[in-house]
Amino acid sequence: METAQAIAPPSPSAIEGFGIEPIPEALKTVRWPDLFVLVSNFLVNPGTILIGGLAVASGLSFWATILTSTLGILIAFSAYIVMATVGVDYGITGQVACRMVFGIRGAKWLPSIMRTIASAYWFAMQTIVGATVFVAIAHQWTGGQYSVVRTGLVLAGVQVALALVGYHWLKRISRFSLPIKVAGIVYLFWILDHGPGASYRLTAVLHFHAHTGWAYLVAAVWLNSMTAAWLTMITDAADFCRYTRSRQDMWCGTMLAGGLATALSVSLGAYGAAASLGRQPNPFSLAATVDPHWATMVVLLIVIALDESTINVMNLYTGGLSLSNMFERPGRFWNTLFVGVVSTGLSALPVLLDRLVPFTTALGNLFAPVAGVLLSHYLFAERMRIDVAALFDPKGIYQYWHGVNVTAVLWCLLGGGVYYLLPTAALPAIVVPLITGAGYLLTVRLHGDRSEASESALN
């Protein structure tokens, strides 16, 4: 049987050659510290920092913002680490693993399309945030007027070039960038704490919105948004972990990063918004205004550049793998390049930044039911065992009906409808996966022999 590796056109030298085919056991050498650094870099980014600022600006207190955002990440990551075991155990990508649930053809045209779109959107959103900060810094430094669109296009082009190299570059740049980013963020905390006015002091920030900051509905909006945003990563959880040595390394590195890196990111955004009395949710722009000296400008430029390069290189990497599940022949390199070109075009639309919550809600509507079906099938129908060869076999057990598991698709559509019907106060990003997962599993059990067929094939 030809694999995607065999039929793909050659990529430039020094570029990761593996696409959607399994990673050999000999190459699974990544330990938990490297994974912790990789995931932390993914979470310490302009978008997550901005969410902290927007949450405080919307009425949450400093502590409520940190709690809701971190809790949202940990809820999403509880699902994330389950699907990440697929990468550790079998060395395959998350999109290929989706074939066991949705069928070989169904996985190509449902989760792969969704994840490619999500990757392109998050790439564009992060690039726009970064470009906005670069323009603000340049204006503060020189007094000139600069284009957010042109700046974003330049940033996007650099990031596309970095993403084409592949996983090993992600690991190297993560080791280098995280300590510098953390040091820069600590410096920005210090700058804001020494800003003009009493509102910039730590004690004032900690008491901002202290009386109204725990309003349930406001907290539910941001908890639901954060959970929904990171549920979009569930179909790609295996991508970052398929070079990992063991499940223990994956669990430790991922969950530790989820808690610590999220808290650090949203804290900076929340601090800036509280210090400015809710007027400025972007702490980078605020720091440039508070302290326009060259040293602060250099720190801001370095932190933003590293934030942009790490988060968006990963966005394009997973987007390229998702597209490779749909179109195997071009290979990871060329599919990543295509996603990069589309994402760069979206980076020229600053209006995306103003639609953060609606877009996050829409993505949650798509991915929450997929997460429920995917988890229930993998955990209970397949019992965390996969016939890897059958994932690439058009006549194997994952063929279902003409390559599509109709039951899984229908429950995803039903779950999407339920998501839109539920109010935000009901936390649909959490409730919908439970409903769709239970409903799908019950339907499979009533149909009888699907799990038994899988078990007999695996034994």
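**Close-up 1. A salt bridge between D249 and R31.** In this predicted model, the side chains of D249 and R31 meet with a nitrogen-to-oxygen distance of 3.5 Å, where a salt bridge is a side-chain nitrogen of Lys or Arg within 4 Å of a carboxyl oxygen of Asp or Glu. The two residues come from distant parts of the chain, 218 residues apart, since D249 belongs to helix 13 (residues 247-275) and R31 to the loop between helix 1 (4-7) and helix 2 (32-43); helices are DSSP runs of H or I with at least four residues, numbered from the N terminus. D249 counts as buried at 3% relative accessibility, whereas R31 is partly exposed at 38% (buried means under 20% relative accessible area, exposed over 50%, and partly exposed in between, with a 1.4 Å probe and protein chains only). R31 and D249 also belong to a network of salt bridges with R245.

**Close-up 2. A salt bridge between D89 and R247.** The closest N and O atoms of this pair are 2.5 Å apart. Because D89 lies in helix 4 and R247 in helix 13, the pair ties together parts that are 158 residues apart in sequence. D89 is partly exposed, with 27% relative accessibility, and R247 is partly exposed as well, with 25%.

**Close-up 3. A salt bridge between D236 and R115.** A search of the whole structure finds 5 salt bridges.

**Close-up 4. The largest nonpolar core.** This core has 120 residues, and those with the most contacts inside it are M83, F102, W230, F240 and F284; a nonpolar core is a set of buried Ala, Val, Leu, Ile, Met, Phe, Trp, Tyr and Cys residues joined through side-chain atoms within 4.5 Å. Helix 4 (residues 62-90) gives the most to this core, with 14 residues. A second, separate core of 9 residues includes V160, V313, L316 and V339.

**Close-up 5. Helix 12, residues 216-231.** Of the 16 residues in helix 12, 12 are buried, so this helix is largely enclosed by the rest of the structure; among the buried ones are W222, N224, M226 and W230.

**Notes.** Residues are numbered from 1 along each chain as its sequence is written, and side-chain values use heavy atoms, leaving out hydrogens and water. Local features need pLDDT of at least 70 and side-chain atom pairs count only at pLDDT 80 or more, while totals for chains, interfaces and linings use all residues.

Note on methods
Expected span 1.5 Å × (residues − 1).
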